[in-house]
Amino acid sequence: MATGRQLKVYLHPEDRPAVDDYVRRELGGVLLRERSADRASLMTTDSRDGMARLIGLASQAARLEPRYVEPRDEWVMSLQSGPLIEWWFSKLDDDQLYPGRFYYLPHDDEPFTKAATSLFTWVRRYAPAVPAEWGPERLGPAAAEMVRAGKLSLRRNPPGSRA
């Protein structure tokens, strides 16, 4: 099985709308919730709520295969549902910002691979690497400004990690 591709990044909630716009306008993409009470509500327009989104191509959305989980009475979408990019949001806890990430599994689907590569390239430009106490980290513009102003500090590992 192919190894997934990952890009760690610190994005403040104020940085997320730029990602939403890039996904919709430049990639022809859609944002999807990971879970929802009804299948139609998996599609969403932004990243304002929750902890994560999945990113897919609008042209492929009808072919995605969410799974119904009867005991929880909800629809679930995952990387196994089709060619999707997982976007875990950076967690903001008071003045501490934990890293988020973009992750996908390689597919033989050329349009998806092109979109995923394009998104990763754009995120690297949007959130350039800046020095952190443990080495360079990628920060979105709002996160970087708040760190410079002393309003935010970065946490190296996501909550619940062992490292």
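This report walks through the aromatic pairs, the cavity and some strands of a predicted model.

## Before we start

Because the model is predicted, local features need pLDDT of at least 70 and side-chain atom pairs count only at pLDDT 80 or more, while totals for chains, interfaces and linings use all residues. Residues are numbered from 1 along each chain as its sequence is written, and side-chain values use heavy atoms, leaving out hydrogens and water.

## Aromatic pairs

A pair of aromatic rings is described by the distance of the centres and the angle of the planes. Rings of Phe, Tyr and Trp (its six-membered ring) pair if their centres lie within 6.5 Å; planes under 30 degrees apart count as stacked, over 60 as edge-to-face and the rest as tilted. The structure holds seven aromatic pairs. In one of them, tryptophan 87 and phenylalanine 102 have ring centres 5.3 Å apart and planes at 15 degrees, so this pair is stacked. Tryptophan 87 belongs to strand E8 (residues 85–88) and phenylalanine 102 to strand E11 (residues 100–104), so the pair ties together parts that are 15 residues apart in sequence. Helices (H or I, at least four residues) and strands (E, at least two) are DSSP runs, numbered from the N terminus.

Are these two residues buried or exposed? Tryptophan 87 is buried, with a relative accessible area of 1%, and phenylalanine 102 is buried at 0%. Here buried means under 20% relative accessible area, exposed over 50%, and partly exposed in between (1.4 Å probe, protein chains only).

Another stacked pair joins tryptophan 122 and tyrosine 126, at 4.7 Å centre to centre and 10 degrees between the planes. Both residues lie in helix H2 (residues 110–126), four residues apart, about one turn of the helix. Together with Tyr22, Trp122 and Tyr126 form one aromatic cluster.

## A charge over two rings

Now look at arginine 101. Its charged end sits over the ring of tryptophan 88, 3.9 Å from the ring centre. The charged end of arginine 101 also sits over the ring of tyrosine 103, 4.4 Å from that centre. The rule asks for NZ of Lys or CZ of Arg within 6 Å of the ring centre and within 35 degrees of the ring normal.

## The cavity

On a 1 Å grid over the protein atoms alone, a cavity is a set of points where a 1.4 Å probe fits but cannot get out; lining residues have an atom within 4 Å of a point. The count comes to one cavity of 30 Å³ or more. About 40 Å³ of space lies in the largest cavity, where a volume is the space filled by probe spheres set on the points, joined across faces, edges and corners.

Which residues line the largest cavity? They are Leu27, Gly29, Ile55, Gly56, Leu57, Ile85, Phe112 and Ala115. Strand E5 (52–57) gives the most to this lining, with three residues.

## Strands side by side

Strand E2 (residues 29–32) has Gly29 and Leu31 pointing one way and Val30 and Leu32 the other way, and all are buried. Two strands pair if DSSP finds at least two bridges between them. E2 and E5 run antiparallel, joined by four bridges, and glycine 29 stands opposite leucine 57 in E5. Two bridges join E2 to strand E4 (residues 43–44), again antiparallel, with leucine 32 opposite methionine 43 in E4.

Note on methods:
1 Å grid on protein atoms, 1.4 Å probe; cavity = no way out; pocket = protein on both sides within 12 Å on 5 of 7 lines; lining within 4 Å.
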